[in-house]
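Here is a short briefing for a reader meeting this structure for the first time. Start with the view below, then follow the points by topic.

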Number of protein chains: 2
Amino acid sequence: MVTLKQLAADLGVSHGLVSRVLSNRMGNTGVSEKTRQTILSRAKELNYRPNPNASALKRGLRGSVGVFLHKIGAQGTELNLTFVDKVATCLSDRGLNLLVRVFEEDEEFLTACNPALFRRIDGLIVAGIWHHSLALKLNQFEADGLHVVTACHGANHNSSIPNFEVDQEMQGYIATRHLIEIGCRNIAHINIRPPRHQGYLNAHQEAGLATDPRLNIDTEDFTRQSGYQAMQKLHTLGIPFDGLVAQADSQAAGAMYYLLEKGHPKESWPKITGVDDSPIASDYCAIPLTSVTAEMKTSAEMAVAAIVSKIEGGTATSCLIPPRLVVRESTVPGTLA
Amino acid sequence: MVTLKQLAADLGVSHGLVSRVLSNRMGNTGVSEKTRQTILSRAKELNYRPNPNASALKRGLRGSVGVFLHKIGAQGTELNLTFVDKVATCLSDRGLNLLVRVFEEDEEFLTACNPALFRRIDGLIVAGIWHHSLALKLNQFEADGLHVVTACHGANHNSSIPNFEVDQEMQGYIATRHLIEIGCRNIAHINIRPPRHQGYLNAHQEAGLATDPRLNIDTEDFTRQSGYQAMQKLHTLGIPFDGLVAQADSQAAGAMYYLLEKGHPKESWPKITGVDDSPIASDYCAIPLTSVTAEMKTSAEMAVAAIVSKIEGGTATSCLIPPRLVVRESTVPGTLA
DNA sequence: CTGAAAGCGCTTACAG
DNA sequence: CTGAAAGCGCTTACAG
């Protein structure tokens with residue numbers, strides 16, 4: 001557990017110099033390259049790490065970043081854990097601590113957002129679903145001097161707060177394009193988020209195909225139940241279709257469950273896609289589900305980079321992250337899981 | 001953002017006194033009750049919070065606790081997120097930071113356990129599955145002066161490291177007792193963890209019932225697939241049974257899926273129980289599943305209390321946490337979800 | 001090109 | 001009963 005002073009004494013230079021060299025904040029100070037190298041290599045040898053508490057104290061920082069998570073995704077998707085894990089690792093790599101809170105309801109969020117908490121963090125990453133009252137709150141935090149970035153779905157791009165979310169329109173688009181490419185010509189849609197629906201429409205337009213509005217089923221939430229009911233409605237309609245774009249793995253699971261329960265042989269099922277690429281897709285669907293990624297890791301990385309930049313006085317701009325398609329049995333039989 | 005000195009100046013006393021009063025560490029110091037109350041109330045009014053960095057620095061602590069999570073439970077159970085969330089809240093309430101890492105493989109764990117990390121934490125909470133090589137590693141950390149507690153399943157109780165886990169024998173016991181109470185007399189068992197199996201046996205013995213060893217199906221893992229295959233084996237055996245104790249919600253889900261796929265009417269299904277009380281039980285089973293809790297929140301609370309106690313120079317002892325039964329449709333039709 | 005010194009906000013042994 | 005003072009491990013403006 002070597003300290004700066006011990007390291008400096010060992011090297012025979014002042015600890016101020018060592019600090020400046022190691023943190024690469026030389027200011028008006030100069031060093032010979034030789035001394036610099038000696039300091040760097042000895043620091044490595046002795047495994048020196050600055051004490052984050054002392055550093056933060058001196059620099060007037062807290063050394064922690066808050067990560068507030070509104071639970072998103074249907075239960076069981078584990079999107080949240082993936083996000084937290086990645087944020088934690090990225091922050092830790094930069095010597096920052098993490099203050100996590102997970103919320104199910106807005107009220108809990110507001111309670112947790114108290115002055116006591118804000119005394120302990122330099123910045124706040126908020127993840128979940130974007131909505132107007134949340135944005136107002138966050139703008140107020142910014143005005144009070146707390147740096148904020150979001151990794152929220154459906155963010156308003158006019159907001160001055162940088163946001164990092166997957167491109168939902170592209171999610172709808174690549175799922176639909178995939179179905180078209182493998183030969184589907186009548187593709188139903190379990191609809192809830194307009195951007196994803198737009199992607200569904202765009203893929204059809206690009207391929208010169210018409211969409212049948214009757215095959216679009218609006219739903220209220222991302223539960224398995226809503227997928228089940230949507231499939232039931234489609235079935236009742238009686239219009240044949242050979243593809244189904246669901247907006248969540250959980251909904252796709254519910255749709256498959258309906259088909260299974262009603263005894264439809266699997267060979268007769270439409271080709272189905274989901275969204276999230278969650279354990280539900282790989283393990284909890286009747287047929288392993290082709291799905292579009294939610295890019296939680298990427299948004300975590302970007303959110304951390306952005307909050308760090310803001311804390312250090314820099315800037316950060318929003319980014320819409322492109323998703324990827326993960327092909328499984330539900331659209332291409334014989335695919336290895 | 002009031003500091004100790006500002007608060008002291010406002011009160012007209014020395015900041016040393018304020019520190020001692022607020023932290024309740026009076027040592028040889030005395031204060032009149034009146035002064036004490038004045039200090040306390042003014043601190044509250046001004047919303048004073050000690051700077052955790054300064055406090056930790058002075059006290060020779062790091063102010064952070066590591067939480068290392070070996071992913072446990074089948075995917076989709078969200079046990080891990082529940083645990084992290086609770087640990088985070090408990091630590092935060094005590095002014096401690098959190099350094100989370102989530103691991104899937106032992107190797108990642110070992111890589112993360114490096115000196116650089118240990119410079120940043122006062123203690124380590126390890127959650128996941130207990131195994132011997134892990135224990136050796138943890139004992140070594142303890143020897144190196146890092147405080148460790150575990151919240152691991154299947155811990156060896158001879159270990160000197162305090163462990164907080166749900167009572168697995170009781171999990172098997174209360175699930176089985178419940179089935180016996182509602183009238184089941186031939187109860188199959190999807191078996192993987194010996195303690196849970198022991199609980200299954202104990203419940204029978206207590207009720208004066210014999211168990212049929214042929215209805216015990218050994219499995220290799222907690223996946224849905226293993227539950228599916230176990231149900232298939234039971235079906236092939238042809239021995240009638242009216243209850244089924246699965247050792248995980250995921251296995252129960254797989255067993256139900258088999259029954260559904262083979263077209264067995266739900267009325268003819270055995271009464272089924274799971275373990276974990278996860279979203280799988282409530283949302284992803286063909287029938288909402290009666291399940292036994294994993295008590296992740298309680299073990300998180302206990303682990304935090306224990307690590308804090310150790311850091312502050314106290315002691316901590318292991319605890320086996322009693323689980324609870326959550327009754328749903330799969331054993332008592334008509335139960336509200 | 002380099003070092004001495006002040007100070008971040010606390011805690012606590014010590015002196016009165 | 002109470003306060004002045006040293007010092008935790010850093011960073012950085014300043015003097016040489």
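Begin at the DNA: 30 residues lie around DNA strand C, and A:Gly16, B:Leu4, B:Gly16, B:Ser19 and B:Ala54 come nearest. This is a predicted model. Chains A and B also touch each other, with 40 residues of chain B in contact with 40 residues of chain A.

**The surface near DNA strand C**

- Both chains supply elements to this surface.
- By class, the surface near DNA strand C has 17 polar, eight nonpolar and five charged residues.

**How chains A and B meet**

- On chain B, 40 residues contact 40 residues of chain A.
- Six elements of chain B give two or more residues to this side: helix H4 (52-59), helix H5 (79-93), strand E2 (97-103), helix H7 (115-118), helix H12 (249-261) and helix H13 (279-283).
- H5(B) provides the largest share, seven residues.
- The side of chain B that touches chain A divides into 18 nonpolar, 12 polar and 10 charged residues.

**Symmetry of the two copies**

- Two copies of a chain are related by a rotation about an axis and a shift along it.
- Here a rotation of 180° with 0.1 Å of shift along its axis places chain B on chain A, with an RMSD of 0.1 Å. This is the relation of a two-fold axis.
- Of the interface residues of chain B, 100% are also interface residues in chain A, so the copies meet through the same surface.

**A six-stranded sheet in chain A**

- Six strands of chain A form an open sheet with mixed pairing, in the order E7-E6-E8-E9-E10-E12.
- Strand E7 (216-218) and strand E12 (325-326) of chain A are at the edges. Each has a single partner strand, so one side of each is left without a neighbour in the sheet.
- Strands E8 (243-246) and E9 (271-276) of chain A run parallel and are joined by three bridges. A:Val245 has A:Thr273 in E9(A) as its bridge partner.
- Helix H12 (249-261) of chain A packs on the sheet and touches strand E6 (187-191), E8, E9 and strand E10 (290-293) of chain A. The direction of this helix makes about 150° with that of E9(A).

Key
Residues are numbered from 1 along each chain as its sequence is written. Chains are lettered from A and ligands numbered from 1 in the order in which they are written. This is a predicted model: local features need pLDDT of at least 70, side-chain atom pairs count only at pLDDT 80 or more; totals for chains, interfaces and linings use all residues. Two residues are in contact if their C-beta atoms, placed from the backbone, lie within 7 Å. Helices (H or I, at least four residues) and strands (E, at least two) are DSSP runs, numbered from the N terminus. Ala, Val, Leu, Ile, Met, Phe, Trp, Tyr, Cys and Pro count as nonpolar, Asp, Glu, Lys and Arg as charged, and the others, Gly among them, as polar. Copies are superposed by least squares on the C-alpha atoms of residues with pLDDT of at least 70 in both. Two strands pair if DSSP finds at least two bridges between them. Axes are lines fitted to C-alpha atoms, for helices over the stretch in contact, and angles run from 0 to 180 degrees between N-to-C directions. A residue is near a molecule or strand if its C-beta atom, placed from the backbone, lies within 6 Å of it.
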